[in-house]
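Please look over the model shown below before reading on. The report then takes up its helices and its charged side chains in turn.

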Amino acid sequence: PFYGVWLSHLGILGLMIFLFRVYRQDTIDEDEYTPFYGLFCFIWAVLLYRFWERQELELAYRWGTLGIMSDAMSNVVKEDYDLDGGLYSHRRPEFVGETRISPV
């Protein structure tokens, strides 16, 4: 619901500008509202990113995963990971094989 609500705001405004441009029979180059829509899209994207960070933390708290570090969020150099007892020591008991960092 979060992303859909944010997309609907941008989509509704874009549709209104498009219909207004069709009604006036303007091209994109002739329409004086297109630059303002571009500015709105820029501000929308910045705000979406900021509010998504808040939403992400709220979901992590609600799901009980707030303290778990991910590769994308950690600032630890990959060579510093202790594969046998550090961050990756919480593997399932059924795991068989070599523990390694994914090359992807």
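## Basis of the report

This is a predicted model, in which local features need pLDDT of at least 70 and side-chain atom pairs count only at pLDDT 80 or more, while totals for chains, interfaces and linings use all residues. Residues are numbered from 1 along each chain as its sequence is written, and side-chain values use heavy atoms, with hydrogens and water left out.

## The helix pair

Helix α1 covers residues 2–24 and helix α2 covers residues 34–63, and their axes come within 10 Å and cross at roughly 175 degrees. That angle makes α1 roughly antiparallel to α2. Here helices are DSSP runs (H or I, at least four residues), numbered from the N terminus; axes are lines fitted to C-alpha atoms, for helices over the stretch in contact, and angles run from 0 to 180 degrees between N-to-C directions. Angles over 145 degrees count as roughly antiparallel.

On the α1 side, the contact (heavy atoms within 4.5 Å) is made by F2, Y3, W6, L7, L10, L13, G14, I17 and R21. On the α2 side, the residues taking part include Y37, F40, W44, L48, F51 and W52. By class, the contact has 15 nonpolar, three polar and one charged residues, where Ala, Val, Leu, Ile, Met, Phe, Trp, Tyr, Cys and Pro count as nonpolar, Asp, Glu, Lys and Arg as charged, and the others, Gly among them, as polar.

## Salt bridges

The structure holds four salt bridges, each being a side-chain nitrogen of Lys or Arg within 4 Å of a carboxyl oxygen of Asp or Glu. One of them joins E58 and R62, with an N to O distance of 2.8 Å; both residues lie in helix α2, four residues apart, about one turn of the helix. R62 counts as exposed at 53% relative accessibility, whereas E58 is partly exposed at 43% (buried means under 20% relative accessible area, exposed over 50%, and partly exposed in between, with a 1.4 Å probe and protein chains only).

E53 and R50 also form a salt bridge, their closest N and O atoms being 3.5 Å apart. These two residues are three residues apart in helix α2, and about one helical turn separates them. E53 is partly exposed at 29% relative accessibility, and R50 is partly exposed at 48%.

The side chains of E32 and R24 meet in a salt bridge at 3.0 Å, N to O. E32 is partly exposed, with a relative accessible area of 38%, and R24 is partly exposed at 31%.

Notes
Angles under 35 degrees count as roughly parallel, over 145 as roughly antiparallel, 65 to 115 as roughly perpendicular and the rest as oblique.
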